[in-house]
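Please look through the structure below from its inside to its surface. The text after it goes through a few places in turn.

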Amino acid sequence: MSATGTNRNRRPFADESRAGPHGGTRLRDIAQEIGCSVNTVSRALSNKPDVSPETRARVHEVAARLHYTPNLLARALVSRQTHTLGLVVADCTNPYYGQMIRGVEAAATRAGYALLLATSDENPDKERRVLTTLRERRVDGLLIAPIDGKADYLAGLASDGPPQIYLSRPPEGFAADFVANDNRAGATMAVGHLVELGHRTIVHVAREGAVFSALEREAGYLDALQAAGIEERPRVRVTPDIEGGRQAARSLLEGDQLPEAVFAYNDLVAIGLMSELAAAGRRVPQDVSVVGYDDIEPAGYVQPRLTTIAQGTTEIGRRAAELLVRRIERGPVQSARAIVLPPSLVVRDSTAAPRRTSH
């Protein structure tokens, strides 16, 4: 057999040596120009180590000149891998998820994987449908920022679906890899900052619903108050968005007196809260200090600039995608892994010492 592979009984490598329905350059075209085998061309394009640097450079040069595009469908049929990851988030217009998507995409691209993105819109039925669709698309792995980790269909997916990693909140009832921020420590840090400034009436504007992050942040709020010997205040529960923050402000304004400080569930709630307070003629931080959570990009340029907790959302996405690729390429493991990233306090302009009148 010659170096160009003339054995007619051998099937062409991944069928990429044959022209597709739309024509185009084939691996065989590159091999014929260079004078090597189709297999050598394929391995060079995949940057395999058993191809000499000179041959690899020559293959890449000819492939670029001939405008070669890999036949991904043919490769998937042979390898049973699509080199595609699926990502499901609640709302891609939320800057928090935008930062997460950025981290996932960067890590996936470095590893040679494409990314399919779907949104659940905080709707469990839609979340189940998009997860089913991604499985039907034969993604090699799933990254899921779930609405509620208690959903039964998540357990079913874990038992017979592709490898999966959970972001921001872990599932309940079964073991799974997840990457998250230490929400409880972050909330304790946020409220501790208010306590250090001298605030004694601190209200937590919490997220409605018993989701993981909400429960952890509320626990951190209580930890900080207990450590300081400060009485807790009734929580204001709202949706986790700007409108929820506006509703929280209206609720606080209806009371006899504004609290000295507010710890908001996330930055969107904090921004909505500050907007509504400003519309009512109340000043932040002169009349009330406000701390958010997430450190989304707008937190640094709203007025006043928002003091918040940075949880490294881009890093969460990156670490989750890297872990998923390892699970795909190295096979299943016996125990699930939890990666919990430490939060950090970002002090800006929305917090200050309380202005108390003397009697």
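The model is a predicted one.

Begin with the interior. In soluble globular proteins, nonpolar side chains tend to be buried together. Here the largest nonpolar core has 50 residues. Those with the most contacts inside this core are L85, L143, L167, L273 and L306. Take L273 as an example: setting aside residues up to four places away in sequence, L273 touches G245, R246, A248, A249, L252, V262 and V290. There is also a second, separate core of 16 residues, and among its members are A118, L142, Y166 and F174.

Next, find D294. This residue sits in the loop that runs between strand 9 (289-291) and strand 10 (308-310). Is D294 buried or exposed? Its relative accessible area is 8%, and buried means under 20%, so D294 counts as buried. Apart from neighbours within four places in sequence, the residues in contact with D294 are Y96, R217, N266, D267, T308, I309, A310, Q311 and T313. With one of these, Q311, D294 makes a polar contact between side chains, at 2.6 Å.

Finally, turn to the surface. Which residues form a nonpolar patch there? They are M189, L345 and V347, which together have about 220 Å² of accessible area. V347 is found in the segment after strand 12 (344-346).

Notes:
Residues are numbered from 1 along each chain as its sequence is written. This is a predicted model: local features need pLDDT of at least 70, side-chain atom pairs count only at pLDDT 80 or more; totals for chains, interfaces and linings use all residues. Side-chain values use heavy atoms; hydrogens and water are left out. Patches are made of residues with over 30% relative accessible area and no salt bridge: like charges are joined within 9 Å, nonpolar side chains (Val, Leu, Ile, Met, Phe, Trp, Tyr) within 5 Å. Accessible areas come from the Shrake-Rupley method with a 1.4 Å probe; for residues, only the protein chains shown count as cover. A salt bridge is a side-chain nitrogen of Lys or Arg within 4 Å of a carboxyl oxygen of Asp or Glu. Helices (H or I, at least four residues) and strands (E, at least two) are DSSP runs, numbered from the N terminus. A nonpolar core is a set of buried Ala, Val, Leu, Ile, Met, Phe, Trp, Tyr and Cys residues joined through side-chain atoms within 4.5 Å. Buried means under 20% relative accessible area, exposed over 50%, partly exposed in between (1.4 Å probe, protein chains only). Contact means heavy atoms within 4.5 Å. A polar contact is a pair of N or O atoms within 3.5 Å; within protein, one must be able to donate a hydrogen and the other to accept it, and residues adjacent in sequence count only if both atoms are side-chain atoms.
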